[in-house]
Amino acid sequence: MTPAPTPSVVVIGAGPRGTGFLERIAASAPELYDGLPLDIHLVDPHAPGGGRIWRTDQSPLLWMNSMAEDVTMYTDDSVPLAGPVREGPALHEWARAVREGRAHTSADPALRAEIAALTGQSFPSRRVQSAYLSWMYEQTVAALPPGTTVHEHRTRALRVSGPRGGRQRVWLEGRTEPLIADLVVFTIGHLDGEPDAEQVELQDFAQRHGLVHLPPDFTADSDLSALRAGEPVIVRGFGLAFVDLMVLLTEGRGGRYSGDADRDDGELVYHPSGREPVLHVGSRRGVPYHSKLGYGLDGERPPLPRFLGPEQIGALTGAAHPLDFRRDIRPLIDKELGYAHYHRLFTAHPERTRGGWSDFEKRYADAAPGSPELRGVAAEAVPDPADRLDLEALDRPLEGLRFSSSDALQDGLRDYIQADLARRHDPSHSADLAVFLGLLSVYGQLIRLGDLGDTGGEWHGFFSYLASGPPGPRLRQLLALSRAGVVRFLGAGTTVEADERNGIFRAGGAGVPGEHVEARALVEARLPDASPARTRSPLLRALYEEGAAAVSNGLVRVDPGDARLVESDGRPHPRRFALGPYTTARSSGAFTRPRTGGPAFRQNDAAARTVLTFLRDLSAPAPVGADAGPGADAGLGTDAELSA
């Protein structure tokens, strides 16, 4: 009699999300799967742990946008888990362990020197994070119980086939026979996308006229050699992709700074190498993402969630009508953020408020979200308008502003960035930190809704703009580059025109009507659109064609409970799971700040425990006369037949 095959799961994507899922398998296996054999296949063309985005072979000039003490891959008791907490070091603690010889790393000498110099307040390079993730992966594999074997496949998965009731086949690039698996877990990170109609037109225009057009891409992967020294380059996008571009085209081409970028009051001077282009940057907002906060929380944390928590999420998911994000969800978000802001203002800066917190809290709670009454409650209790939370003004700080000239715009933007830096490093504005904590709380709640209904990505963009901006030193570098004339600001409402007659790109902003800049190069500084219609991933394309459901904002629909992939008929697939930024349960990152609840960790835990329970039940011998149970192949034959 042919022995039954070893239960197996294929994990497609071995970066931080796949590694985090594997850690949860190791955590719950002793309880749910102890002593049983299991094959885990990891599929990724890049090294496990870091994956593509956090790989070691990238410029050491590229940083994380979080301090080392704010990065962990390990759970703690703030994460709502069904499985056990397995604590481990945050990034800076791991670096100290390496320094003291308590943790091993195979990093090269230059990278080891970076690790040795790391402190909790450092902004590490992505290469340092890659080493941490590699170590964490090795520790996780070592923690798997006996009988569990991990197989690494350094290639791409092309498609997955197989029925709902049977084993799955995972087809790999460069391999004629598929992997046969009981379950498949998709933990793919950020994806490439095909250009949309506008990008295709711009590329065609550039080719006709011998110009340079760089479409949306991961900046670390872009070929920037076509951007010539001294020539103007129009850059559309002012987020983190622009920061990477700025670094690679300045320091990456031999420029240097003098002064101390880490000092709050320090002013840097940029010394060009002569190889830099001149970057003319603009966007819808016209300003860079807000600086990372430069202080920690002391005193009482805002008691969150309050107005967007499990009760409200339950009411939303049970609503009889289709949810409209702006009507049904955004007012609750704004009220929650306001609650965090005013709680901090009353408890930490009471001299800037009128009355007591308990009275304010009651009146604030009674007022309807988004109502004039709610704004009136805040205005009455907080005399200075500068101390009130105005989310619209935060989102569009240049709205309606006009400048007499481009030079005046440069002065105005430098003043804005300098003021933002000062505020984000000043604890007297600690209500900003409370709003940041509110944003994290809101994000953790929204992923429970599955489809956020955020069709245009406006909420996700606002979250990134306010909570996921660059380190303060990067904005000080931006100011130095602006003073040196290497960066020029286009302002808000940036428009780009392809001038067919003159064969040139032209850009301008709303802040200086009638003034434009012309350039032979245009860079789209943003991530590609990897929605179903655009994704370059043959794996996801095949999933959509086979029936995986997508939603209006281009995300793959998953069950918000255990991350099972939802098919177009609305049924969760019993043998396929998906975790990551391309799903409706996307969280703010595969790793997180310690003690902030880690939504991604909770998702990993729920999926891992469902996987282990399914495989345990699959391995249990069926009673005589019983049917084949949850693992029945619904008419499929042996593995050899499946491979045909």
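Helix axes are taken here as lines fitted to C-alpha atoms over the stretch in contact, with angles running from 0 to 180 degrees between N-to-C directions. In this predicted model, the axes of helix H2 (residues 91-99) and helix H3 (residues 109-117) cross at roughly 115° and come within 8 Å. Because angles of 65 to 115 degrees count as roughly perpendicular, H2 is described as roughly perpendicular to H3. The crossing in which H2 passes H3 is left-handed. On the side of H2 the contact is made by Trp94, Ala95, Val98 and Arg99, and on the side of H3 by Arg112, Ile115 and Ala116. Sorted by class, the residues through which H2 meets H3 comprise five nonpolar and two charged residues, with no polar residue.

Aromatic pairing was examined next. The structure contains 21 aromatic pairs, one of which is formed by Tyr339 and Trp357, with a distance of 5.6 Å centre to centre and an angle of 50° between the planes, a geometry classed as tilted.

Gly15 is located in the loop that runs between strand E1 (8-12) and helix H1 (16-32), and its relative accessibility of 10% places Gly15 among the buried residues. When neighbours within four places in sequence are left aside, the contacts of Gly15 are with Asp44, Gly49, Gly50 and Gly51. The C-alpha atoms of Gly15 and Ser134 lie 9.3 Å apart in space, although the two residues are 119 residues apart in sequence.

Ser66, in turn, lies in the loop between strand E2 (38-43) and H2, the helix that crosses H3 at roughly 115°. With a relative accessibility of 18%, Ser66 is likewise counted as buried, as this value falls under the 20% limit. Residues up to four places away in sequence being excluded, Ser66 touches Val71, Ser122, Phe123, Pro124 and Lys292.

Terms used
Residues numbered from 1 in each chain as written. Predicted model: local features only at pLDDT ≥ 70, side-chain atom pairs only at ≥ 80, totals over all residues. Heavy atoms only, no water. Helix = DSSP H or I, 4+ residues; strand = E, 2+ residues; numbered from the N terminus. Parallel < 35°, antiparallel > 145°, perpendicular 65-115°, else oblique. Left-handed = near helix turned anticlockwise from the far one by under 90°. Contact = heavy atoms within 4.5 Å. Nonpolar A, V, L, I, M, F, W, Y, C, P; charged D, E, K, R; others polar. Phe/Tyr/Trp six-rings, centres within 6.5 Å; stacked < 30°, edge-to-face > 60°. Buried < 20%, exposed > 50% of the residue type's maximum accessible area, 1.4 Å probe, protein only.
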